[in-house]
Amino acid sequence: MARAKKVITIHVRDDREKEEFLRELQRLRLPAFIYVHAKLNDLKINVQGTKEDIREAIRRIREIHNRVRAKLYPDRRGLYRYTIDDLLRESGASVSTPILLKTLELLGETVELREGELITSMPWEELVALTGTLGEYLSDISLQTTRQIREVILPVAVLKGIDPMEVIDLLVELGLAEWKEDKFKYELVKNKEQALEILLKHLEGEENED
């Protein structure tokens, strides 16, 4: 197969975008050989391989660049776009999407999910930190809770800055959850929307008394 070579230039706005892009580029596993020459805000990318390899590599490189831009810079509505996989990898946590969405919603952020992409008003670094915290909380309670109850416990623990075990105690106290001996787990007695509403009202009432 004849080998070919093509050079493309990627323009970046700042060092943050450059670093993020290069980091993503290093993760790419491609048959084409890639060499990058960085000059201020221009990255000259030399791609070598068969014509087919080069085409595929350039498509993937542009895809990465679009993803990095969507992650670092908000659109006209002030929203960023993230892939869930990027977020979980960066934060080192494996939090379910419903927990993420509910937490962002409770924190007053704009949030929507579109084809595995998270579109939200929370900037990347903050979201990575938030996901990391949710991951830590999850590991504290994952063994003694069902999936449904976690969707109430974790967003509330983050929102109110309280220990997830305290949230469990409150749910039990308010008659919204109970310990199931046969499963060795806490589970909700009411549906999660109701449980969440009652729990938040209770916590806000406590805050108002202070």
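Author: What follows covers the aromatic pairs, then the charges over rings. This is a predicted model, in which local features need pLDDT of at least 70, side-chain atom pairs count only at pLDDT 80 or more, and totals for chains, interfaces and linings use all residues. Residues are numbered from 1 along each chain as its sequence is written, and side-chain values use heavy atoms, with hydrogens and water left out.

The structure holds three aromatic pairs. Rings of Phe, Tyr and Trp (its six-membered ring) pair if their centres lie within 6.5 Å; planes under 30 degrees apart count as stacked, over 60 as edge-to-face and the rest as tilted.

Take Tyr80 and Tyr82. Their ring centres are 6.1 Å apart and their planes lie at 10 degrees, so this pair is stacked. Tyr80 is buried, at 12% relative accessible area (buried means under 20%, exposed over 50%, partly exposed in between, with a 1.4 Å probe and protein chains only). Tyr82 is buried too, at 1%. Together with Trp124, Tyr80 and Tyr82 form one aromatic cluster.

Next, Trp179 and Tyr186. This pair is edge-to-face, with 4.9 Å between centres and 65 degrees between planes. Trp179 is partly exposed, at 35% relative accessibility. Tyr186 is buried, at 18%.

Now the charges. One sits over a ring if NZ of Lys or CZ of Arg is within 6 Å of the ring centre and within 35 degrees of the ring normal. Lys71 lies over the face of Trp124, at 4.3 Å from the ring centre. Arg13 lies over the face of Tyr73, at 3.8 Å from the ring centre.
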